[in-house]
Amino acid sequence: MASIDDDNGWVADLENALLEECSVSDIYCICKGKPLPDNLRSEVWQICLDVRDKGNQLDHFNEIYDLPNQSVLREDCTAFVSKLGNDEDDKLSVVSDLESILTFYCKSRNLNYEKNNGWIELLLPLLTLKVPRSTTYNLFEAIRDTYVPQSCHTDGNAFHILRLLLLYHDPELCSFLDTKRITPDRYCLSWFQSLFAATCSLQVVINMWDYYFQQSDPFFIFFLSLIMVINAREQIISMKSESREVIVSNLANMPCALEAEDVGDFCSLAQYYAMKTPVSFRTDLMQNLYNGKGEESALVSQALCLPVSVSELVENRNETGNIDAVRFFLVDCRPVEQYNAGHLPTAFHLDCNLMLQEPSAFGTAVQGLLSAQKQALAHNSNAGGEHLCFLGSGRNEEDQYTHMVVASFLQKHTQYVSLLTGGYIAIHNYFSDNVNEYLQEHNPRACIVCAPHFHEVAQGVKSGQSTDLFGKISAAMKSKSAEVKEKLIDYIVNPNSSPVQERHVSSNDKIGKRYRNVAPVFSISDDQDHVTNVENVEDEDSRELVQIQAWLKNPDVIEHFPCQEVKLNGFMYKSHLIVTNSELIVLREMVERRGIAEVIVKRPLSAIVKITARKRHPELITFKYGVPDGENLIISDMDRFLIPNADKATKVVSEQILKQLKIKE
C-alpha cells in the first residue's frame, strides 16, 4: 500500500504546484512525462502551451461564415463529428464549435481551409478537455504555431529534414526507401499536420501529447516519426517486391498499431535518438521551420547529409562524461597541402584526391580510418567518437570531392555520417585570433584563409611533415596523391578564337536544334563546372530495365566503357557508357538484380556542346548539353562520369560527333 501511495505522490505534488505559479520545467520535473490525471490535464496543457492567461480571442469573431469554401468546411466538421457517437444535440454543439473555431482561425490568419489538412483531427483531443470554446481555440492556435512546422506540406523542408535524420540513424533503410522513390511526405504528412491525431487512437494521442507538451520541444515530432519508421524497418525491407503504393500505405498506417500503454516506451526511445543526434542543425533550422518562413531556409532537399556546426564540433570534444552524448570522429578530407598548412589535432586526414587518383590507396586509407576510430574509442580519447564528421575546405570548387568521399560512406550504409558546415574556413573563423593555439601546424603563408592566393605563388614550397597521430597513420597512404597529370587534350576545338562563355538555360530560352557547323569543345581545366543549378529530373513511372549483355551485343554499339555515374550530391553508381552512331547511352547496374541495368541516360550526340575534365582528375568527365547562343553556350543539362579509360572514351565520342556534323553537311 505504501508503494502505491509513493507512486501516486507525484499527483499531489502536481496539484500543489498548479495552485502556485509553476512553469513547464516544474511540471516536467514532477510528472517526468507520465500520462496526466484527466482532471488536471486541461490546466497543465494550458501552462505548457502558455495560454493560461490568454483572453477570449473569439470575442473578435463577427459570426459571419463566408469563407470561399465554407460549405466544404461545414461538411467536413459534420462528417467528422458523426463518427464520434455523441447524442444528436451534442453533435450540433460540437459541429458549431468546430466550425466557429476554424472559420475564425482562417479569417484571423488569412488562410484558406483545405480538406485533409489535419486541423479537425488536431481539435479532437482538445474537445475531450471540455473547456470553454475560447480556451479550445487558444490551445489549437498554440499547437499550430508551436508544434506544427510551417513547411508541413508536400515536398516541404520538414520532410527533407526527416529524411536526413533517417539517413543519419538508419542509412540502409533510407537507401531502400530512396530506391523505391518513397519520400517521407508520402507517408507521414498527416502525422505532422495532426501530431498523430489523424492516425492514432484517441487515448494514444492524449498520452503522447501529455509527454510531448511536458517536453516543450517542438522538434520532438521528428524523432517520434523517426522511431515510428525505424521500429518497422524489418517489415518495410521485407516488402522489397511490393509496389510503392503498398509500401506507402503500410508506412502511413504504422501509428495505428500503437497502444496506449506503449506510449511511454515509444516516447523514451524517441528521446534517446534525439540525444544521439547532433543538435546544431535543429538550432539553425528551428526558426525557419516554425516562424512561417520555412521555405526561405537553406535548400535542405539538396543536403548530402546532416550538417554540423563548428561550435558543436569543438564543444563536444570535451564531452567524455555522458556516454549518450554525441562525440565526433573528425575526418579531414582536404588535399594534403591544405591539411599540412593547419588542422585540428584530433582530425584524421583522408585525402579526397586519393578516391579518384588512387582508388586502392583510398580503400586502404578508409580501413586505416576505421581502425583509428576503433582504437580512439577503446582508449576513450578526445579524438574518439562513433559519429563521423567530414570536413572540407569550405570552398565549393574543392568540396565537391569531399562530397564524393562522404557519398561513398553513405552508399556503404555507414551510420552517423555528418558534414561540417563551412569546412576549414568556418573552423579558422571560429578560433579567429587564437587560431595558432588551436590549429596544429598552422602555416599562415600556406593557409587558404590567411593566404588565399598562396597556392598560385608558392606551389614550390615543400609542406612540412605531419606530426600528429592520425597524420602519421594516413601519411603512408597519400604518397602518390601529389602526382598530377597535366595533359591538355583537344580532340575537338572551338572555331572561335575567344573563349566560350557558358550560361545555364532559363525559362525564357527556346532550346532547338544545334546550329550547323558549330563544334563542341573538349578540354581539361580546373574551372568549375557549375553543376549545382542543373538537375536531372527522373520520371518515376517510366523506368526502362534491360539485360546488360544483350545491349552490349547490339550491332549499333560502337564502343562501351565501364564507369561510375557521378550524381550532383556525390553519389556514384556502377554503370556502362555506351556510344552508338547517334546516341550516348548510360546503363546503371541494378544492385539487387545481377546482369540487369536501368537506362538512365539516352542523349543524341548532336546535343553535346562541351566535354570537360579536370587537370587533377582527368578520369572525371562531364558531358554538357545545350545549344550555342552567339559566342556563348546555353547549357541545359549535364552528365558526369568517372571513366577509367577516359582518354579513349572522349576520343570515341568526339569522333562520332564529328561524323554526325559531316553527315548533316
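Strand β2 is joined by two bridges to strand β3 (residues 348-349), and the two run parallel. Strands here are DSSP runs (E, at least two residues), and helices are H or I runs of at least four, numbered from the N terminus. Strands count as paired if DSSP finds at least two bridges between them. Asp332 stands opposite His349 in β3. β2 also pairs with strand β4 (residues 387-391), in the parallel sense, over five bridges. Cys389 of β4 is the bridge partner of Leu330.

The model is predicted: local features need pLDDT of at least 70, side-chain atom pairs count only at pLDDT 80 or more, and totals for chains, interfaces and linings use all residues. Residues are numbered from 1 along each chain as its sequence is written, and side-chain values use heavy atoms, with hydrogens and water left out.

Five of the five residues of β2 (residues 328-332) are buried, so the strand is largely enclosed by the rest of the structure. Buried means under 20% relative accessible area (1.4 Å probe, protein chains only), exposed over 50%, and partly exposed in between. Phe328, Leu330 and Asp332 point one way from β2, and Phe329 and Val331 point the other way.

The largest nonpolar core has 161 residues. Such a core is a set of buried Ala, Val, Leu, Ile, Met, Phe, Trp, Tyr and Cys residues joined through side-chain atoms within 4.5 Å. Those with the most contacts inside the largest core are Phe192, Met208, Trp209, Phe222, Ile236, Leu350 and Phe390. Helix α13 (residues 220-230) gives this core its largest share, ten residues. A second, separate core has 23 residues, including Phe561 and Ile621.
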